[in-house]
Amino acid sequence: MAKRVPLTGAEKESLHVSLDRHRDAILWKLEGLGDADLRRPMTPSGTNLLGLVKHLAAVEYGWFCRTFGRPTEPMPFDENEPDADLRVTSDETTEDILAFYARARAAADDVIRELDLETTGTAWFGDAVSLRWVLIHMVEETARHAGHVDILRELIDGMIGDHNRT
């Protein structure tokens with residue numbers, strides 16, 4: 001059963017649970033698909049399910065870790081190449097991408113647990129941002145891509161819905 005945002009919860013807890021709901025929905029949408037379907041380009045730009053997960057891992061590391069001066073692992077792509085984080089190479093396995101996302105989520109969760117919402121860091125573009133702003137941004141970013149994942153999965157095999165109901 002999907003996590004539920006507390007109806008009267010504290011702000012940080014509510015934002016974190018909201019982020020987790022979208023993270024979990026994305027992973028649920030991958031279940032039951034073979035490697036070919038996970039990698040299949042579904043749009044003219046080449047968007048595919050695994051590429052979206054890889055992108056989300058990179059942005060979790062970027063917004064939560066780099067912004068607040070926390071270490072990250074080396075990114076598995078050339079960061080100077082546009083949209084490289086959205087492409088999955090033939091030598092990357094599904095397990096590699098899912099593990100990358102799991103590590104990024106865990107690192108981000110550490111930052112969320114350890115910092116106050118008012119704590120500021122420096123965004124990649126040089127401006128100060130609060131953890132509150134980053135959480136809101138990442139809920140938006142992850143929800144946006146969860147919608148993409150939802151559409152791609154429906155195009156592959158007709159599966160619809162945003163969370164496993166069992």
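**View 1. The second largest pocket, with Ser 45, Gly 46, Thr 47, Leu 52 and Leu 86 nearest its centre.** This is a predicted model, where local features need pLDDT of at least 70, side-chain atom pairs count only at pLDDT 80 or more, and totals for chains, interfaces and linings use all residues. Residues are numbered from 1 along each chain as its sequence is written, and side-chain values use heavy atoms, with hydrogens and water left out. In all, 15 residues line this pocket, and about 320 Å³ of space lies inside. A pocket here is an open set of points on a 1 Å grid over the protein atoms alone, where a 1.4 Å probe fits and protein lies on both sides within 12 Å along at least five of seven lines; lining residues have an atom within 4 Å of a point. The volume is the space filled by probe spheres set on the points, with grid points joined across faces, edges and corners. Helix H5 (131-157) and H3 each supply at least two lining residues, and H5 gives the most, with 4. Helices are DSSP runs of H or I with at least four residues, strands are E runs of at least two, and both are numbered from the N terminus. By type, the lining splits into 4 nonpolar, 8 polar and 3 charged residues (nonpolar: Ala, Val, Leu, Ile, Met, Phe, Trp, Tyr, Cys and Pro; charged: Asp, Glu, Lys and Arg; polar: the others, Gly among them).

**View 2. The largest pocket, holding about 510 Å³ of space.** Ala 58, Val 59, Arg 66, Glu 79 and Asp 85 are the closest to its centre, out of 21 lining residues. Helix H3 (residues 49-66) brings the largest share of the lining, 6 residues.

View 3. Is Arg 23 buried or exposed? Arg 23 is buried, at a relative accessible area of 0% (buried is under 20%, exposed over 50%, partly exposed in between, with a 1.4 Å probe and protein chains only). Its side chain makes polar contacts with the side chains of Asp 20, at 2.6 Å, and Glu 60, also at 2.6 Å. A polar contact is a pair of N or O atoms within 3.5 Å; within protein, one must be able to donate a hydrogen and the other to accept it, and residues adjacent in sequence count only if both atoms are side-chain atoms. Setting aside neighbours within four places in sequence, Arg 23 also touches residues including His 16, Tyr 101, Arg 105 and Thr 142 (contact means heavy atoms within 4.5 Å).

**View 4. An aromatic cluster of Trp 63, Trp 124, Phe 125 and Trp 133, linked by ring pairs.** The structure holds 4 aromatic pairs. One of them, Trp 63 with Phe 125, is edge-to-face, 6.2 Å centre to centre with 65° between the planes. Rings of Phe, Tyr and Trp (its six-membered ring) pair if their centres lie within 6.5 Å; planes under 30 degrees apart are stacked, over 60 edge-to-face, and the rest tilted. Phe 125 sits in the loop between strand E1 (120-122) and strand E2 (128-130), 62 residues from Trp 63 in helix H3. Trp 63 is buried at 9% relative accessibility, while Phe 125 is partly exposed at 40%. The Trp 63 and Trp 133 rings have centres 5.2 Å apart and planes at 55°, so that pair is tilted.
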